[in-house]
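Please open the model in your viewer and keep the sequence panel beside it. The tour goes from the whole chain to single residues.

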Amino acid sequence: MNALEQTTTNASVAVRPKTFTELREGQRHSPVVTRDSACERGYNYRWRKARIAYLIKNPLCVECASEGRTEQAVVVDHIIPHKGNRELFWNKNNWQGLCKRHHDIKTAKQDGGFGRV
Ligand SMILES: [Zn+2]
């Protein structure tokens, strides 16, 4: 019985770490990921200031407001996903303040989970 248990344990341990390593290596070696994050740093500084200014002017979650509730907005969300489009990204008519819950709901609904910015 002991021998059988050992075999089973060894087999699953041998398979799983290999899969994880392969996944990680794949991400690390992708040049696209590096370029994107370097580019985002410039965006992030400007975006951070812009979103704070927006949240001061629009402090409430618009989705909660439409449900008749009052919740503080913590995320500036793009109503139309910008998908890297600068014009959509910086167009304030395309912004809305959301609480974390509503932002999570919206992100989960959008395929691919692009809503990290
Ligand atoms: Zn909300």
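**From the whole chain to single residues**

Begin by colouring the chain by secondary structure, and read along the sequence you will follow the pattern α-α-α-β-α-β-α. That makes five helices and two strands, where helices (H or I, at least four residues) and strands (E, at least two) are DSSP runs numbered from the N terminus. This is a predicted model, in which local features need pLDDT of at least 70 and side-chain atom pairs count only at pLDDT 80 or more, while totals for chains, interfaces and linings use all residues. Residues are numbered from 1 along each chain as its sequence is written.

Next, colour by pLDDT, the predictor's confidence in each residue, from 0 to 100; the chain averages 77, and 59% of the residues score at least 70. Select residues 11–15, where pLDDT stays under 50 and the model has zero contacts beyond four places in sequence, a contact being two residues whose C-beta atoms, placed from the backbone, lie within 7 Å.

Now select Lys83, in the loop between strand S1 (75–78) and helix H4 (86–90). Its phi is near 45°, a positive value in a residue other than glycine. Is Lys83 buried or exposed? Lys83 counts as exposed because it has 10 C-beta neighbours inside 10 Å; the cut-offs are 12 or fewer for exposed, 20 or more for buried, and partly exposed in between, counting other C-beta atoms within 10 Å, placed from the backbone.

Finally, move to Thr107 in helix H5 (residues 100–109), which counts as partly exposed, with 17 such neighbours. Thr107 and Asp77 lie 30 residues apart in sequence and 9.6 Å apart in space, C-alpha to C-alpha.
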